[in-house]
Amino acid sequence: MSGMKRKRNVLNVKQKLEILLKLDNGESASTDAEDVLNEGNTISHSVALQSVETLLDYMGQRGFDYGDITAVRKICVDIRQEMNKQQKQRRITDFLKQ
């Protein structure tokens, strides 16, 4: 680990200015900074779903316990529900923009 470089998340000038403006207006900007810094660390729901489904295939091939497989299937359901919720929100937003 000593030879590995750690990636630093740094706000760019525009992001810093936006946060400073919010602070000047009396708004809280701590969550905004966290959101910006975490943007690069997030993966899409479809990528997560694909990974979990691959894990399910692996577990099925290796004969994992039924309870473990059921728990992983629940994760798939949760991801799909979140995807559907976000898709519905996008549709509403798109409809209201028209």
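User: In which helix does L55 lie?
Analyst: This is a predicted model, in which local features need pLDDT of at least 70, side-chain atom pairs count only at pLDDT 80 or more, and totals for chains, interfaces and linings use all residues. Residues are numbered from 1 along each chain as its sequence is written, and side-chain values use heavy atoms, leaving out hydrogens and water. Helices are DSSP runs of H or I with at least four residues, strands are E runs of at least two, and both are numbered from the N terminus. Residues 45-62 form the element that holds L55, which is helix 3.

User: Is L55 buried or exposed, or in between?
Analyst: Buried means under 20% relative accessible area and exposed means over 50%, with partly exposed in between (1.4 Å probe, protein chains only). L55 has 39% relative accessibility, so the residue counts as partly exposed.

User: How many helices and strands does the chain have?
Analyst: From the N terminus on, the elements run α-α-α-α. The count is 4 helices and 0 strands.

User: Which residues is V52 in contact with, leaving aside neighbours within four places in sequence?
Analyst: Contact means heavy atoms within 4.5 Å. With those neighbours left aside, the partners of V52 are V72, I75, C76 and I79.
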